Amino acid sequence: MVAVVQLPSSSPFDADMSRQPSSLELRSSFHNLSCRVSRHLLESGPQGSVRPLTVVKDPAAWKACDWAGRQHEVVVQLDGADVAQLKEAVAAFMASGRPLSALQRPADFPLSGGLADKLAGVRRDLLRGRGFALLRGVPVAEWSEAESVAGYMGLGVHVGRPQPQSKDGKLINHVKMHYAPAGAPASTLPQREHAHNLEFGLHTDAQADVLGLLCINQAKEGGVSSFSSTLAVHNELLRRGRNDIVCCLASGGWYRDRSRYQDLAPGASPLWEMPVFSYHKGYLTTHYNSSHYQLCARRYPEQAGPLSKLQLEALALFEEIGSHPDFAISYCLQPGDIILLHNSSALHARSAFMDGDAPHERRHLVRLWLGCDDDRPQPAHLDFPRSYTEGYDRDAYQGLMKPAPSQFHVPLSQEADHL
């Protein structure tokens, strides 16, 4: 039986977050609250009424074992009528001569009937439900790459608004192995994770509400995608009695490197402090990228300091739970599949892969970031990563990657290979 304990009517994590508490304040506050509840397993929720250090009862706190024999329920299959309407919409858009970057809102790609209803349901599931959805049946094999991207973005604008992913205004990114030209050294290859074929561990993308990935081609071998719930990991840590780990992950001292995202002004700190767990105005918001935390600690040892023994244990346990088969759903995405994930509640990862010689055996996914104009309150530390995607004033936030809308563009893969 779960012991129920009344939490205090207010806590330091419900306060106005316009003033960021210091790392010391966070650690002290969590320690005091943890001492009061550590002997009991508390519950709260759903999102909007979450209390710190409680097991969150919410549709987004799912485990893979919850879906055993039911994974088909998360698949939104496009039927013949849906595909016909999608083809018609793509043909009309391509005939209009407008650039792909013009796809910004539902009115730019009109849909109706069953397909529009399905996309409205997907949006509800992402923002108020389980936090992920898999669309299946986009006819990429029948289209050119430009038509595939148009169809993908056209579906996407019915979920949210495409957000730029770079300083120069790219609205999509091609997730594929980049090969050096003949005779060129391997050092000329991109270093970002989306441009190689190695295993890519559990993480979230902090820069938008929803992540989309369209599969155009799958690799000859490997490239299996897996997804798990950050809320379920949080809950499991509490069930194991590891309040200390949850407190650690929700405290300060977790840094990412701002210089990966913007040109820093002289004298500006390269550090961006971003806790893994954030309790804010009744919501548990999660963002996670172990490799970035560890890279930042190595790159800026004097400013960020080395990760503590407890932090390293927290990362290891987080990964262990999030990647366990009871928690992680695995899919080998097929051409025409679109996976959509809520970045504040769903992790994604990818196994290593090996491309084949044939073009259709070369793994090629297309990444889309969507802002959903949702009323969900965001922790203050997300102002920075969202700053160039939601139009913060460049004069107030020096050096941000805020391209003017006139710079927004959608590079196709052949062009992207040379960027």
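Colleague: What share of the 419 residues of the chain counts as buried?
Modeller: The model is predicted: local features need pLDDT of at least 70, side-chain atom pairs need pLDDT 80 or more, and totals for chains, interfaces and linings use all residues. Residues are numbered from 1 along each chain as its sequence is written, and side-chain values use heavy atoms, without hydrogens and water. Buried means under 20% relative accessible area, exposed over 50%, and partly exposed in between, with a 1.4 Å probe and protein chains only. By that rule, the buried share of the 419 residues is 54%.

Colleague: Is His342 buried or exposed?
Modeller: His342 sits in strand S16, residues 338–342. Strands are DSSP runs of E with at least two residues; helices are runs of H or I with at least four; both are numbered from the N terminus. Because its relative accessibility is 3%, His342 counts as buried.

Colleague: Which residues is His342 in contact with, leaving aside its neighbours within four places in sequence?
Modeller: Contact means heavy atoms within 4.5 Å. With those neighbours set aside, the partners of His342 are Leu126, Leu127, Gly131, Asp209 and Arg376.

Colleague: What covers the buried residues of H7?
Modeller: Helix H7 spans residues 290–299. Its buried residues are Ser290, His292, Tyr293, Cys296 and Ala297. Their cover includes strand S11 (255–257), strand S12 (271–273) and helix H8 (309–323).

Colleague: How many Å apart in space are Ala91 and Gly151?
Modeller: Ala91 lies in helix H2, residues 80–96. Ala91 is partly exposed, because its relative accessible area is 46%. Ala91 and Gly151 are 60 residues apart in sequence. From C-alpha to C-alpha, their distance in space is 9.3 Å.
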